[in-house]
Amino acid sequence: MMQIRRRSLPTLAAIGVFLLAYALCAVQFPTMLSLRVAGDLLTDNACLGLLAVGMTVVVVSGGVDLSVGAVVAFTGVFLAIAIQHGVPAPLAFMLAIAVSTAFGGLIGAAIHLLKAPPFIVTLTAMFLARGACFLLTTESIPVHDPVYDRLAGFALALPGGGRLSLLAMVMLAGFGLGGLLLHATRFGASVFAVGGDRRSAELMGAPLGRTPVLVYAFSGLMAGLAGIVFSLYTQAGYSLATVGVELDAIAAVVIGGALLSGGAGGMLGSLFGVLIQGLILTYITFDGSL
């Protein structure tokens, strides 16, 4: 029981910091207590949140994924070009998810087979994905599609004029799915075991070859989904989009209580890590200056 409480302390600390910071912001700007601001906070950080879902699994396994920002940009460019050439949006979404998941799986396989540090492999993958963007286009491509308009505009009405957008709902669903995988499945147990002590995990019979492939494939899946969300949010594809967002995702995961050395972390903490970063930007917007 004491060990469980100790593991929960970083998550509880992240929640406490968020609530305290939100209360201080609300004292200065009372309108921040409205559900409209809360809904916008979730919507504006939906892309980062989905990246944090995948990054949480990667970091808990003892790895890091620097390619996710470039994958988001590639997904946006891919979708814009595909829809521009007449591919239906739902089919384009499925193709983008398939490509990003396969790309993540290849990263995991390279890390396992080459025994190479995840930092080096994912950095190489980042340049590869970003370079693929520039091969496709160097300009921003707007997306004009009725399906995009409907998905981007869909939202559930909240009291006080607030809106829970589809993008926010996708992010929350992503955290729910990630939480189930990480905390309630054999795969999640293997991730914690490999991240905590690889040698002990091997002696316990954990699938050391399959685990990194699945971990990075899941990160690629979330990056592809984040790319779709970002594409809906901006209604465009651009090769230089989301530069550096992988560092924001890592920061959110660490703020939420995960250890970069692996073996510790959780989805709830990562969610509040994302919200803390989003709250800082929201406060700057309300304040009107840096």
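In which hand does α4 pass α6? I looked, and the crossing is left-handed (the near helix is turned anticlockwise from the far one by less than a right angle; clockwise would be right-handed).

Notes on the source: this is a predicted model, with local features needing pLDDT of at least 70, side-chain atom pairs counting only at pLDDT 80 or more, and totals for chains, interfaces and linings using all residues. Residues are numbered from 1 along each chain as its sequence is written, and side-chain values use heavy atoms, with hydrogens and water left out.

**Helix pair.** I took α4 as residues 68-84 and α6 as residues 118-136 (helices are DSSP runs of H or I, at least four residues, numbered from the N terminus). Their axes come within 8 Å and cross at roughly 25°; axes are lines fitted to C-alpha atoms over the stretch in contact, with angles from 0 to 180 degrees between N-to-C directions. That makes α4 roughly parallel to α6 (angles under 35 degrees).

**Contact.** I listed who meets whom (heavy atoms within 4.5 Å). From α4 come Gly69, Ala70, Val71, Ala73, Phe74, Val77 and Ile81, and they meet Met126, Ala129, Arg130, Ala132, Cys133 and Leu136 in α6. By class I get 11 nonpolar, 1 polar and 1 charged residues.

**Cysteines.** I found 0 disulfides (cysteine sulfur pairs within 2.5 Å). For cysteine 47, the nearest cysteine sulfur is that of cysteine 133, 13 Å away. Cysteine 47 counts as buried at 10% relative accessibility, and cysteine 133 counts as buried at 0% (under 20% relative accessible area, 1.4 Å probe, protein chains only).

Note on methods. Buried < 20%, exposed > 50% of the residue type's maximum accessible area, 1.4 Å probe, protein only. Helix = DSSP H or I, 4+ residues; strand = E, 2+ residues; numbered from the N terminus. Parallel < 35°, antiparallel > 145°, perpendicular 65-115°, else oblique. Nonpolar A, V, L, I, M, F, W, Y, C, P; charged D, E, K, R; others polar.
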